[in-house]
Amino acid sequence: MANIIVFAILAVVILGSAVMCVTTKRIMRAATFLLFVLFGIAGIYFLLDYTFLGAAQISVYAGGVTMIYIFAIQLVNKRTLQGLVERMKGSRVVCGALLSLLGLATVVVVFLKNSMINSFSGMPDQEVSMEIVGNSLLGAERNGYVLPFEFISVFLLACIIGGLLISRKE
């Protein structure tokens, strides 16, 4: 019962922060709300007892990526940011709502399709152990994710170096 209450609190924090992130007009507030979303997702990982993924979420995304966003925001000239005020046009709101409904319909169809496949296969639902998740994430074989993980780390390093070069006064 306590897990359901904690999940409900985390879900409200994630959804509320995500909505505030995309609707606020101040870019630093949007970055702060994004940080809350990423911390909430880490909380869900910890709730599921995936401590490695939760720690990686906090260190890589909530720590690293959000700091890169804030660093990039600070590099932009204040005069440039002050002149940017986007008005909500009716056609853009309708287009965004239609795309959101299309995305929701896609998620529902995929969810129903997979739940029907699992119910017809006769196999009981099995819990995935942390060992399988770790081997999949850090495995170098065919379905391993170690190579994309290394590409992402090199990309983030290049972004940091690029940001430092741009911020130099010379």
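Visitor: At what angle do helix α3 and helix α7 pack, and how far apart are their axes?

Guide: This is a predicted model. In it, helix α3 (residues 51-75) packs against helix α7 (residues 146-167) at an angle of about 20 degrees, and the axes lie 11 Å apart. Angles under 35 degrees count as roughly parallel, so α3 is roughly parallel to α7.

Visitor: Is that crossing left-handed or right-handed?

Guide: The crossing of α3 and α7 is left-handed.

Visitor: Which residues make the contact?

Guide: From α3, the contact is made by Ile68, Phe71 and Leu75. From α7, Leu156, Ile160, Gly163, Leu164, Ile166 and Ser167 take part.

Visitor: And how many of them are nonpolar, polar or charged?

Guide: The contact of α3 with α7 has 7 nonpolar and 2 polar residues, and no charged residues.

Visitor: Turning to the other pair, how do α2 and α3 cross?

Guide: The axes of helix α2 (residues 27-47) and α3 come within 8 Å and cross at roughly 175 degrees. Angles over 145 degrees count as roughly antiparallel, and α2 and α3 are therefore roughly antiparallel to each other.

Visitor: What is the class make-up of that contact?

Guide: The residues in the contact of α2 with α3 divide into 19 nonpolar and 5 polar, with no charged residues.

Visitor: Is Asp49 buried or exposed?

Guide: Asp49 has a relative accessible area of 60% and is exposed, because the cut-off for exposed is over 50%.

Visitor: Back to α3. Is Gln57 buried or exposed?

Guide: Gln57, which has its place in helix α3, counts as buried at 8% relative accessibility. The cut-off for buried is under 20%.

Visitor: What does Gln57 touch?

Guide: Leaving aside residues up to four places away in sequence, Gln57 touches Leu38, Ile41, Ala42, Tyr45 and Ala62.

Visitor: Which residues does Tyr61 touch?

Guide: With residues up to four places away in sequence left out, Tyr61 touches Leu38, Ala56 and Thr66. Leu38 is also on the list for Gln57.

Visitor: How far apart are Tyr61 and Leu38?

Guide: They are 23 residues apart in sequence, and their C-alpha atoms are 6.8 Å apart in space.

Visitor: Now the overall picture. How many helices and strands does the protein have?

Guide: The protein has 7 helices and 0 strands, and from the N terminus on its elements run α-α-α-α-α-α-α.

Visitor: What share of the residues is buried?

Guide: Buried residues make up 15% of the 170 residues.

Visitor: And what share of the contacts joins residues at least 24 apart?

Guide: Among contacts between residues at least 6 apart in sequence, 50% join residues at least 24 apart.

Visitor: Finally, where is confidence lowest and where is it highest?

Guide: Confidence is lowest in helix α4 (residues 78-82), at a mean of 60, and highest in helix α1 (residues 2-23), at 92. The protein averages a pLDDT of 81, and 85% of the residues score at least 70.

Key
Residues numbered from 1 in each chain as written. Predicted model: local features only at pLDDT ≥ 70, side-chain atom pairs only at ≥ 80, totals over all residues. Heavy atoms only, no water. Axes fitted to C-alpha atoms, helices over the stretch in contact; angles between N-to-C directions. Helix = DSSP H or I, 4+ residues; strand = E, 2+ residues; numbered from the N terminus. Parallel < 35°, antiparallel > 145°, perpendicular 65-115°, else oblique. Left-handed = near helix turned anticlockwise from the far one by under 90°. Contact = heavy atoms within 4.5 Å. Nonpolar A, V, L, I, M, F, W, Y, C, P; charged D, E, K, R; others polar. pLDDT = per-residue confidence, 0-100. Buried < 20%, exposed > 50% of the residue type's maximum accessible area, 1.4 Å probe, protein only.
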